Amino acid sequence: MAEDVFKALADPTRRRILDELVDRDGQTLFEICARLVTKHGLGLSRQAISQHLAVLESADLIRSRRQGRYKFHDLNTEPLEHIVTRWLRPDGPESSA
Amino acid sequence: MRIHLSSVFVDDQEKALRFYTDVLGFAKKNEVPLGKDRWLTVVSPDDPDGTELLLEPDGHPAVKPYKAALVEDGIPAASFAVDDVPAEFDRLRGLGVRFTQEPLEMGPVTTAVLDDTCGNLIQIVHSR
């Protein structure tokens with residue numbers, strides 16, 4: 001689990017996506033694409049951004065939510081707390097293999 | 001060459017006419033009966049001889065999956081210019097319009113995205 005989080009955070013585009021979701025939660029793919037290209041000059045294809053979202057989702061850093069016909073993406077910071085407590089309060093052994 | 005006509009595929013022409021005129025504020029331009037459907041266009045009241053928007057029936061089998069896929073990812077079917085996106089956002093939300101994207105400033109451009117109730121998302125935009 002932690003491995004997935006580190007891998008997800010290792011990519012600068014994925015970190016930008018998280019930055020933008022901090023600015024406003026609950027974004028569509030269209031809004032994420034628009035923010036990346038206009039605010040950060042990251043002109044990736046929608047497919048590429050979808051793949052980044054899938055990596056972030058598998059690390060549980062974002063959660064996608066279907067609401068009627070729409071699909072929104074929300075930030076989930078819980079996995080980050082586990083990373084931080086590992087070193088700030090190092091009392092438990094590493095849980096994953 | 002100029003753009004004379006653009007279209008959005010709507011699930012119900014009567015409902016679409018009401019939304020595009022009563023809510024968004026366009027004016028009906030052409031209405032020609034064509035069997036069970038109509039050639040139905042609207043224009044901006046500020047530019048009655050300008051580009052027409054055709055409210056086109058979405059009966060072709062290719063259209064509904066296309067519309068559903070765009071809406072799922074939040075992609076607008078058309079983009080309309082307004083003077084002030086936040087003001088228009090407040091006005092339309094007051095009328096019960098649903099937005100999938102609230103006003104977003106992107107450098108010189110501000111956009112928002114709303115649901116036209118006929119199966120499409122519509123972007124509104126202003127530039128500074």
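Helices (H or I, at least four residues) and strands (E, at least two) are DSSP runs, numbered from the N terminus. The model shown in these views is predicted, so local features need pLDDT of at least 70 and side-chain atom pairs count only at pLDDT 80 or more, while totals for chains, interfaces and linings use all residues. Residues are numbered from 1 along each chain as its sequence is written, chains are lettered from A and ligands numbered from 1 in the order in which they are written, and side-chain values use heavy atoms, with hydrogens and water left out.

**View 1. Lys7(A) in helix H1 of chain A.** Lys7(A) has its place in helix H1, which covers residues 2-9 of chain A. With a relative accessibility of 55%, Lys7(A) counts as exposed, given that buried means under 20% relative accessible area, exposed over 50%, and partly exposed in between (1.4 Å probe, protein chains only).

**View 2. Chain A as a whole.** Chain A has 5 helices and 2 strands, and these follow the pattern α-α-α-α-β-β-α when read along the sequence. Along the principal axes, the C-alpha atoms of chain A fill a box of roughly 45 × 30 × 25 Å. Of the 97 residues in this chain, 38% count as buried.

**View 3. The salt bridge between Glu20(A) and Lys39(A).** A salt bridge is a side-chain nitrogen of Lys or Arg within 4 Å of a carboxyl oxygen of Asp or Glu, and the structure holds 21 of them over all chains. In one of them, the side chains of Glu20(A) and Lys39(A) meet at 3.1 Å, N to O. Because Glu20(A) lies in helix H2 (residues 12-23) and Lys39(A) in helix H3 (residues 29-40) of chain A, the pair ties together parts that are 19 residues apart in sequence. Glu20(A) is buried, with a relative accessible area of 6%, whereas Lys39(A) is partly exposed, with a value of 37%.

View 4. Asp60(A) has its place in the loop between helix H4 (46-58) and strand S1 (62-67) of chain A. Its phi is near 65°, a positive value in a residue other than glycine. Most residues other than glycine have a negative phi. Asp60(A) also forms a salt bridge with Arg63(A), in which the closest N and O atoms are 3.0 Å apart, and Arg63(A) is partly exposed, with a relative accessible area of 40%.

View 5. The side chains of Asp90(B) and Arg93(B) meet in a salt bridge with an N to O distance of 4.0 Å. Both residues lie in helix H3 of chain B, 3 residues apart, which is about one turn of the helix. Asp90(B) counts as partly exposed at 47% relative accessibility, and Arg93(B) is likewise partly exposed, with a relative accessible area of 46%. In chain A, salt bridges that share partners join Glu20(A), Asp23(A), Arg24(A), Glu31(A), Arg35(A) and Lys39(A) into one network.

**View 6. Thr117(B) in a loop of chain B.** The loop between strand S7 (109-115) and strand S8 (121-127) of chain B is the place of Thr117(B). Its phi is near 70°, again a positive value in a residue other than glycine, and Thr117(B) is partly exposed, with a relative accessible area of 40%.

**View 7. Glu52(B) in strand S4.** Glu52(B) lies in strand S4 of chain B. Glu52(B) is buried yet has no salt bridge, and the nearest side chain of opposite charge, Lys29(B), is 4.6 Å away; here Lys and Arg count as positive and Asp and Glu as negative, while His and the chain ends are not counted. A polar contact of 3.0 Å joins the side chains of Glu52(B) and Asn30(B) (a pair of N or O atoms within 3.5 Å; within protein, one must be able to donate a hydrogen and the other to accept it, and residues adjacent in sequence count only if both atoms are side-chain atoms).
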